[in-house]
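Please look at the chains one at a time before turning to the places where their parts meet. The explanation below is meant to be read beside the structure.

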Amino acid sequence: MASDTSQTTPVLQMSGIRKQFPAVLALDDVGFRLLPGEIHALLGENGAGKSTLIKIATGVYEADAGQIRLGGVPVRLDSPTAAQRAGISTVYQEVNLCPNLSVAENILLGREPVRAGRIRWRELRRQAAELVARFGLDIDVTEPLDRYPLAVQQLVAIVRAVAVDVKILILDEPTSSLDRDEVARLFDVMRRLRDHGVAICFVTHFLDQIYEVCDRMTVLRGGRVVGEHPVAELDQVGLVRLMIGKDLAALDELASHVREPSGDPLLAARGTGRRGAIEPFDLDVRPGEVVGLAGLLGSGRTELARLLFGADAADSGTVSVGGEPATLHSPTDAIERGIAFCSENRKTEGLIPELTIRENIILALQASRGWTRPIPPARRDALVAEYIKVLDIRPADPDVAAGSLSGGNQQKLLLARWLITRPRLLILDEPTRGIDVGAKAEIQKLVVSLSEEGMAMVFISAELEEVLRLSHTVGVLRDRRLIARLAGGPDLTSDRIMTTIAGEVAA
Amino acid sequence: MNSPSPSAPSRRPWSRESLFKAASHRLFWPAVMLVALMLVNLPSTPGYFSVGMRHGHLYGSLINILIFTSPHILVGVGLTLVIATAGIDLSVGAVAAIAGTAACWWVVRAPDQNAAATAMAAAGIGLAAGLACGLWNGFFVARMGIQPIVATLTLMVAGRGVAQLIGNGQIITVNSSSYALIGGWWGPLPSGILIAAAVVAATILLTRRTALGLLIESVGGNAEAARLAGVRARRIKLIVYVFCGLCAAIAGLMLSSNTSSADANNSGLWYELDGILAVVLGGTSLSGGRFHLGGTVLGALVIGTLNNTLFALGVPAQSNLVFEGAVVIIVCLLQSPVFRARFVAWRRRIPVGVAAARAASAEPRAPRVTGDPSGPADVPGAPAAPTTTEVSG
Amino acid sequence: MTAPAVPSAPARAGRRLASVMDSKQLPVYVTATLFVLMFAGGASRYQNQNFLSGQVVANLFIDNSYLLVAAVGATFVMLSGGIDLSIGSVIGFTTMLTATLVQKDHWPLWLVAPLALAVGAAGGALMGYVIHEFEIQPFIVTLAGLFLFRGLCEVINKESIQITDHGVTRLALFQIPLPGGTFLSIGAVLSLAVLAVAVFSLHHTRFGRRVYALGGSEQSALLMGVPVGRTKIAVYTVSGLCSAFAGLLFTLYIQSGDPLHALGLELDAIAAVVIGGTLLTGGSGYVIGTLLGVLVLGLVKTMISFEGTLSSWWTKIATGVLLLAFILLQRVLGRRR
């Protein structure tokens, strides 16, 4: 490991990168260096600019400003093909291969050995088997790709990526769906490649893995680089603080909840879990209580919330609502019991973009009544107008198409949709993400006042201050497991949560 | 030169701005086409727009068009709801044939062919057949999750065989004054117009007075969001397929009553294609979401007028299909965002990418989820990666 | 890693069976089994009518040669994840074009045939271009193609034209003798040749693998550097070409041109492809399966005619039922995997 990295020519250097989108500045003067023969972690929460930077490096986007140099030579990457030709190979999280073709075909698609137009199958199989063996993989290359688990498919994608002489390999969240052994095998392959001089950019959010296999790391936050360090020089707590923390002194005081929640839990989950999504957990939510879920991206917060709403069906454990056991196999089941869920993917899971604000707001309430009992127009319009006013949705015209609203207003629209159903338990997944400061404050105030009125809530946010400010109890998640339930109050600081996430303090 | 600034309100009613705005309304081009087609008739048929009375019945070119178009309107209405849920029903022509054949089968067997009860029972049987077909389609699409094209294709193929089975391979002719009444004249108007109008009105009431319309549009607009909002998508889909089957059955009854016979082979031939065309012309997108019943009626009228005009002009009937094919392509090109972006770019000499980006940001539709390469998009409002498209077939 | 011990024979057979059940070729085996069962059933039922003869099997190939070629073209399109509704219309158009040029204008067949093929291919290419460039659903574009070709067919001539040209008649009646006293028509042989070319193309050329890749995942194919646009256009061109060739074979078979020829044949072609095991979503299937699908459908027709008392519309019902059954089978198999 070179201790003086400034002398080696970076194989990839991005400098002064700037990317503006209509609503937000995604990257602001970002620089990124990838040296030959290293494994370099790229970290950052959602909204930090990580994906945008990767897309620029792989030619999907073009930067508004800044320069990209490969081996010191400035280049222009205006398409994925251009990036590939420049020697940047990428393996995506969804493994962009063709599952219906065999392993060998996937590896050599487009480069099959031919003689007079006819594919030489034996030679193809031989080449593929050889490549695969070089990585220490023991698989039958003639089998269709989808016969193998995702972990193997990812390795095959890597084999394809490096089958051509590659200098830079970008791995985008490759370990999200792998178990321990599969991750170990992947790291083995990565180390082999590194030792051959390949530069690997490893995009991930799993802290352990960074410390296990990476040489250096770059941390993005709010569209800026907040740190570039050799892994050995930054410990986990420091890393977590870089990613989501603030100066302790700058933290606001906790808003004081007037009433402490008490009484029997409204919702009690015992051993509830779903294979591949979240390990079995126990959780209680009492009326008027705000349970915050804290954890890094990918720690399983959304998966947990979805189980509570029936958006996904749990395959273990029990849930009881209001004291009675309940099976939550579909959103309809949950809504019937007074549970509401505001998804973090507003566009794909929340709004119906071509319908109007009015129609979007009224949808959940109407759906719960069935199609034969329409809400009388006068009452409907009054309700809609009321919520538009209370939440200050702009434009205040209920006939505007929902898709044209800004992010903040879309979020408020979704809130209106669920509040109108007067739920007993409201689950909010990243309700303040990508919203301007004013709207953020409004939503936070709303959360407090709703809990005062006795609504139980589950609140998920990547911003620790927010979670602390609003929660009575904080559930801490890490790597798809609920590892701690901490009681709120003046003793609960973001520092403590961060160290819990980082694993240095037992739950 | 006193050119009005874009923000200043225009004084003249037909200013460029208001015309441009009208032109982008989805019914503009179909309406223009309809009027143009009608006007084309004027030189050769001076009395085109006149409607007269003969033997107590209204007659005229316009009436003829309405008579011809009524069954198409019926089928189109049913198809509109199905298409709004992002589905499709290819079997409507076959279902119409089955319904007509089943009804005539009953009439022929009835003790008194002319009795009103016979006609009513026959109509009931025809409707029941349509209901059964709708349930069949709905079951496979909603419960079994089979692609709508495929599920309804099987009934399309087998359906005419079933109709022939009922009719024993022959064209069933009936001699029933009461049955003929269904497709005959009700006072001055042909029954077809009245039935079609009634069904259209009933559908509008059904979808807009109840919450059915909203739920249908939500299922088609964003199926996952609708599911998470508690909409029972399966039930909604089943309902629309059953409704479509019923509409096709009514059309089939009208057709067979009109001719006092049931022809399993030719009854309702090409109706599914004409129906889809009418729906698309009327502004309902094939990918589901907002539907426009009035637009479908307009689309059906355009097709009917087109056929009528070609016939009146002496164009051989065979060429109709060519024209219809051309119309389909032109309409779909006009609706394709890619085509429009290219056209705008060509007209205004701006790069295609910019035109497309402008169009994408202006459109309220969310970009199709294409599995962004780097995980969930972390920037709200960011355009989707421009290189990928969904496969559909 | 230690070498695994050699398994015993029953275990090997068991594993063989398991691998067959699990393999992608299972649907083809199912169709083949269905064919054999149907044939056996027919043989036992129609013993007196000489069902179990070589010529009956040969007739299957003769009578369905045009459907085979059309279905082969449809297979290319459906493997890539698309659909082609214009097949029947292109066939009808080709018969009309051929009949008109040969019978009325007395053009030689060797001039007319390439012209017809070129028109079919051009039509397919145009449809593929519109589908890819403007991102319009294949269903709608090929539907427009259906209208256009059927219309053009009627524009050329609205009545049926019998072909009495000697050259054509001689070709049509020519018999290629096979061992066992059976014979095949030229059409049958040509259709098998087309099948062979298709098998080679799909399984031994880069183009064929691109078709499969496209059907497996268009997005992935794009990211892997597959020229998606060119492949799509090529696939529809092939389908147009095959439809035109099927039209020529049909003309030979029926020796006339008629605007109503091959009405709805695209549905039979699609049914044959699905029954042959190709997934409607694309990416999976074998063109040999299409041959079996065509044979199954042909056998249905044959058995119905042998039955004598059943009318021909049972063919339609049987086709629909088979189609449904195989789609459900695809679904069940797909879920298990």
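This is a predicted model: local features need pLDDT of at least 70, side-chain atom pairs count only at pLDDT 80 or more; totals for chains, interfaces and linings use all residues.

Residues are numbered from 1 along each chain as its sequence is written, and chains are lettered from A and ligands numbered from 1 in the order in which they are written.

Chain A is divided into domain 1 (12–248), domain 2 (258–338 + 425–507) and domain 3 (350–422); such bounds come from an automatic or database domain assignment. The centres of domain 1 and domain 3 of chain A, taken over C-alpha atoms, are separated by 42 Å.

One sheet of chain A is open and has four strands in the order 2-1-4-5, with antiparallel pairing. Helices (H or I, at least four residues) and strands (E, at least two) are DSSP runs, numbered from the N terminus, and two strands pair if DSSP finds at least two bridges between them. At the edges are strand 2 (25–34) and strand 5 (73–75) of chain A, each pairing on one side only. Strand 1 (residues 12–20) and strand 4 (residues 65–70) of chain A run antiparallel and are joined by five bridges. Within strand 4 of chain A, Ile68(A) is the bridge partner of Met14(A).

Strand 15 (residues 290–294) of chain A is mostly covered, with five of its five residues buried. A residue is buried if 20 or more other C-beta atoms lie within 10 Å of its own, exposed if 12 or fewer, and partly exposed in between, with C-beta atoms placed from the backbone. On one side of strand 15 of chain A are Val290(A), Gly292(A) and Ala294(A), and on the other Val291(A) and Leu293(A). Four bridges join strand 15 to strand 20 (residues 456–460) of chain A, in parallel, and Gly292(A) has Phe459(A) as its bridge partner there. Strand 15 is also joined by four bridges to strand 21 (residues 473–478) of chain A, again in parallel, where Val291(A) is partnered by Thr473(A).

Chain B has 16 helices and six strands. Of its 393 residues, 51% count as buried. Helix 8 (residues 191–209) and helix 9 (residues 212–221) of chain B pack at an angle of about 75°, their axes 4 Å apart. Axes are lines fitted to C-alpha atoms, for helices over the stretch in contact, and angles run from 0 to 180 degrees between N-to-C directions. Helix 8 and helix 9 of chain B are therefore roughly perpendicular; angles under 35 degrees count as roughly parallel, over 145 as roughly antiparallel, 65 to 115 as roughly perpendicular and the rest as oblique. Leu206(B), Thr207(B) and Arg208(B) of helix 8 meet Leu212(B), Gly213(B) and Ile216(B) of helix 9.

In chain C, Val238(C) lies in helix 12 (residues 228–254). Val238(C) counts as buried because 26 C-beta neighbours lie inside 10 Å. Leaving out residues up to four places away in sequence, Val238(C) touches Gly73(C) and Phe76(C).

How values were computed
Two residues are in contact if their C-beta atoms, placed from the backbone, lie within 7 Å.
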